[in-house]
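Please look through the sequence and the structure below before reading on.

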Amino acid sequence: MRRAGLGEDDLPAAMVNGSLLRRVTPRAVAEVLGLTYRADGRPVDLVVVGAGPAGLAAAVYGASEGLVTVLLDRAGLGGQAAKSARIENYLGFPHGVSGESLTRMAMVQALKFSVRIHSPCAVAGLDLSDERRPAVLLEDGTRIRCRAVIAATGAHYRHLDLAQWTTFEKSGCVRYAATELDVRGYEDQPVTVVGGANSAGQAALSLAARGATVNLIVRGTDLGARMSSYLTDRIRAHARIQVHTGSTIRELGGDDTLASIVAERSDGRRDRLACRALFCFIGADPVSGWLDGVAKDHHGFVLTDSRSGTALPFQTSAPRVFAVGDLRAGSTKRVATAVGDGAGAVSSVHAALADD
Ligand SMILES: Cc1cc2nc3c(=O)[nH]c(=O)nc-3n(C[C@H](O)[C@H](O)[C@H](O)COP(=O)(O)OP(=O)(O)OC[C@H]3O[C@@H](n4cnc5c(N)ncnc54)[C@H](O)[C@@H]3O)c2cc1C
């Protein structure tokens with residue numbers, strides 16, 4: 001810092017290609033590196049918004065099938081999947097693959113097919129005034145006119161605002177699903193399920209069925225308020241499930257791996273409970289605010305194909321705008337499904353463009 005004449009007020013600073021950038025932002029670095037989108041007059045067939053597994057797959061399939069494809073992401077490549085230390089259920093990787101490796105390989109594949117990747121590059125909206133030529137509007141005011149758009153901006157899994165959450169998420173001790181693979185390793189272990197709807201109830205039962213001792217933490221005071229009675233009856237009768245209604249998690253304990261949680265009752269009393277893994281089912285919020293004028297369900301997930309009243313798979317209520325992955329109403333929130341959606345939507349794009 002001394003050699004570059006930098007004071008504390010200049011931080012964060014970056015040295016990029018010989019230029020010194022003070023109070024730098026990811027966008028400023030991206031600009032110097034030439035990663036931001038610059039209109040160059042070249043026609044674009046397909047713009048894919050969001051570079052998680054769904055968007056990366058859409059871009060790879062689109063470009064490999066001859067469409068001039070631009071892929072934009074506001075943060076970086078890989079989306080939620082990049083957060084996963086080990087994806088064990090993705091076909092072809094019997095020993096699992098880290099989200100980071102999968103993303104890197106997908107990126108190389110996208111570049112091989114000449115996908116134009118720009119990130120960080122945030123999309124703010126769409127201009128649908130010309131039905132045959134939608135335009136993607138970037139946050140910096142740039143407009144990309146194209147022939148079709150695939151929206152792949154995913155969903156944010158809600159989490160608890162607790163210290164060490166990200167550490168335990170990265171080490172796999174915080175899970176957002178309770179599939180066979182998520183549960184593996186926690187048989188005969190104390191675990192916590194947080195949430196009060198059916199997904200939390202089903203997770204608690206499937207964990208207990210495999211021998212885990214389950215603490216089910218529900219913020220509301222009535223287990224039956226948001227959960228079906230066929231689940232509440234079985235949960236109440238299960239010897240290995242302890243229900244804590246009117247309870248909130250206040251603390252996570254452990255070093256690299258989770259060892260305990262602290263739950264606070266409505267009267268303020270706190271209990272430290274042994275816990276090797278926390279299964280979080282408190283909902284997900286779709287990243288769909290930028291899709292103005294496109295039909296969504298009451299949670300904000302984008303309606304596609306028959307649900308949007310149109311014929312093509314993955315098509316939204318807007319012509320030539322398609323939605324894939326976690327963003328899509330009714331999709332299975334998994335990497336493989338997202339990839340399948342991305343690939344499938346490209347067939348619909350070809351069908352939609354056939355009458356150009
Ligand atoms: C911790 C964790 C572990 C997981 N582990 C597994 C697992 O082991 N196996 C499995 O099958 N599934 C797993 N999942 C679920 C899986 O990651 C998701 O289902 C999958 O990533 C969804 O892909 P997507 O492309 O639809 O959305 P996302 O992965 O959410 O990607 C969306 C992308 O859109 C970008 N974006 C958002 N808004 C904008 C905008 N306005 N402009 C530009 N870009 C934007 C975001 O930056 C992001 O990169 C896990 C999820 C989490 C959180």
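## Helices, strands and the model

Helices (H or I, at least four residues) and strands (E, at least two) are DSSP runs, numbered from the N terminus. By this definition the protein has nine helices and 20 strands.

This is a predicted model, in which local features need pLDDT of at least 70 and side-chain atom pairs count only at pLDDT 80 or more, while totals for chains, interfaces and linings use all residues. Residues are numbered from 1 along each chain as its sequence is written, and side-chain values use heavy atoms, with hydrogens and water left out.

## Overall form

The radius of gyration is taken over C-alpha atoms, and the globule rule used for comparison is 2.2 Å times the number of residues to the power 0.38. For 356 residues, a compact globule would have a radius of gyration near 21 Å, and the 23 Å of this protein agrees with that. Along the principal axes, the C-alpha atoms fill a box of roughly 65 × 65 × 40 Å.

If contact means heavy atoms within 4.5 Å, then 57% of the contacts with a separation of 6 or more are between residues 24 or more positions apart.

## Buried and exposed residues

A residue is called buried under 20% relative accessible area, exposed over 50%, and partly exposed in between (1.4 Å probe, protein chains only). Buried residues make up 48% of the 356 residues in the protein.

Ser114, in the loop between helix H3 (99-112) and strand E5 (116-118), counts as exposed because its relative accessibility is 53%. Although Ser114 and Asp130 are 16 residues apart along the chain, their C-alpha atoms are separated by 27 Å.

## Aromatic pairs

Rings of Phe, Tyr and Trp (its six-membered ring) pair if their centres lie within 6.5 Å; planes under 30 degrees apart count as stacked, over 60 as edge-to-face and the rest as tilted. By this rule the count comes to three aromatic pairs. One of them is stacked, because the rings of Tyr90 and Phe93 have their centres 6.1 Å apart and their planes at 25 degrees. Phe93 has 25% relative accessibility and so counts as partly exposed.

Tyr186 and Phe279 form an edge-to-face pair, with 6.1 Å centre to centre and 90 degrees between the planes. Tyr186 lies in the loop between helix H5 (180-183) and strand E12 (190-194) and Phe279 in strand E18 (residues 277-280), so the pair ties together parts that are 93 residues apart in sequence. Tyr186 counts as buried at 14% relative accessibility, and Phe279 is buried with a relative accessible area of 0%.
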